[in-house]
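This briefing walks through selected features of the structure shown below, grouped by topic for reading alongside the coordinates.

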Amino acid sequence: MTNKIKEINDLSFYPESYMVRHALSDGIGYGNEHSDEIANLVDIADLQLGDFSTTKPKLLEHLASQNSNVCYWALKCCTSFGLPDKEIKSAARKLLEDKNNMVRTKAAEFLGSIGEVGIMETLYEVVSETKSSQEQLLALNTMAYLRDYKGYKVDPARLPKRGMGESVRRLDYFQANSSN
């Protein structure tokens, strides 16, 4: 399966907001031009199939990458492992301040999944400040996951009054379920 995914240059290894900005106009061409990067992202995603103790050094390396897509997938792997490792947590906390909203959102998701405090502020900022409907929706979906499954509180008053695209329905969900 991994070989096939690499062979077809599967663009789904990029966050949706990234694909919309960079690859949507010519997906096949973009995939062909970025096949090495896609293959690398596939390899990073596959780290979650291994043992944490052997993949931890690679995860720490990827969390320190200057490539936001590499950080994004490293954080997804960290969430998959779901372990409160001190070094991983420290690296993820730094990424709450990253310039890329999807990295910030995934950092909050990982840290929230292991019960860390102080992560919701990042999600409120992403939801309120982004100009991308895809980024807004992913951040809102992360908030819904953390609220519904991890016990975090979401204050609907801190959310935008109007959403973009599909975010409208998620904002309605928070307003209708504001007692949680």
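Predicted model: local features only at pLDDT ≥ 70, side-chain atom pairs only at ≥ 80, totals over all residues.

In which loop is the place of Pro84? Pro84 sits in the loop between α6 and α7, the latter spanning residues 86-95.

**Two exposed sites**

- Pro84 counts as exposed because its relative accessibility is 53%, where the cut-off for that class is over 50%.
- Once neighbours within four places in sequence are left aside, Pro84 is in contact with Lys89 and Ile114.
- Pro84 and Thr2 are 82 residues apart along the chain, and their C-alpha atoms are separated by 28 Å.
- Asp36 belongs to helix α4, which covers residues 35-46, and with a relative accessibility of 67% Asp36 counts as exposed.
- Between Asp36 and Met143 there are 33 Å in space, C-alpha to C-alpha, and the two are 107 residues apart in sequence.

**Helix α11 and its buried face**

- Helix α11 runs over residues 167-176, and within this helix Ser167, Leu171 and Phe174 are buried.
- Viewed down the axis of α11, the buried residues fall within an arc of 55 degrees, so they line one face of the helix.

**Thr142 in helix α10**

- Thr142 lies in helix α10, and because its relative accessibility is 1%, Thr142 counts as buried, the cut-off for that class being under 20%.
- The side chains of Thr142 and Glu109 are joined by a polar contact of 3.3 Å.
- When residues up to four places away in sequence are not counted, Thr142 touches Thr105, Glu109 and Leu123.

**The largest pocket**

- The largest pocket holds about 170 Å³ of space.
- This pocket is lined by 14 residues, of which Glu16, Ser133, Gln134, Leu137 and Leu138 are the closest to its centre.
- By residue class, the lining of the largest pocket divides into six nonpolar, six polar and two charged residues.

**The cavity**

- Rolling a probe the size of a water molecule over the atoms shows where empty space is left.
- One cavity of 30 Å³ or more is found when the whole structure is searched, and the volume of the largest cavity is about 50 Å³.
- The lining of the largest cavity is formed by Pro15, Ser17, Tyr18, Arg21, Ser68, Asn69, Tyr72, Asn100, Met102, Val103 and Glu135.
- Helices α2 (16-22), α6 (68-81) and α8 (101-113) are the elements that give two or more residues to the lining of the largest cavity.
- Among the residues of the cavity lining, five are nonpolar, four polar and two charged.

Conventions: Residues numbered from 1 in each chain as written. Heavy atoms only, no water. 1 Å grid on protein atoms, 1.4 Å probe; cavity = no way out; pocket = protein on both sides within 12 Å on 5 of 7 lines; lining within 4 Å. Points joined across faces, edges and corners; volume = space filled by probe spheres on them. Helix = DSSP H or I, 4+ residues; strand = E, 2+ residues; numbered from the N terminus. Nonpolar A, V, L, I, M, F, W, Y, C, P; charged D, E, K, R; others polar. Buried < 20%, exposed > 50% of the residue type's maximum accessible area, 1.4 Å probe, protein only. Arc of directions from axis to C-beta. Polar contact = N/O pair within 3.5 Å; in protein donor to acceptor, adjacent residues only side chain to side chain. Contact = heavy atoms within 4.5 Å.
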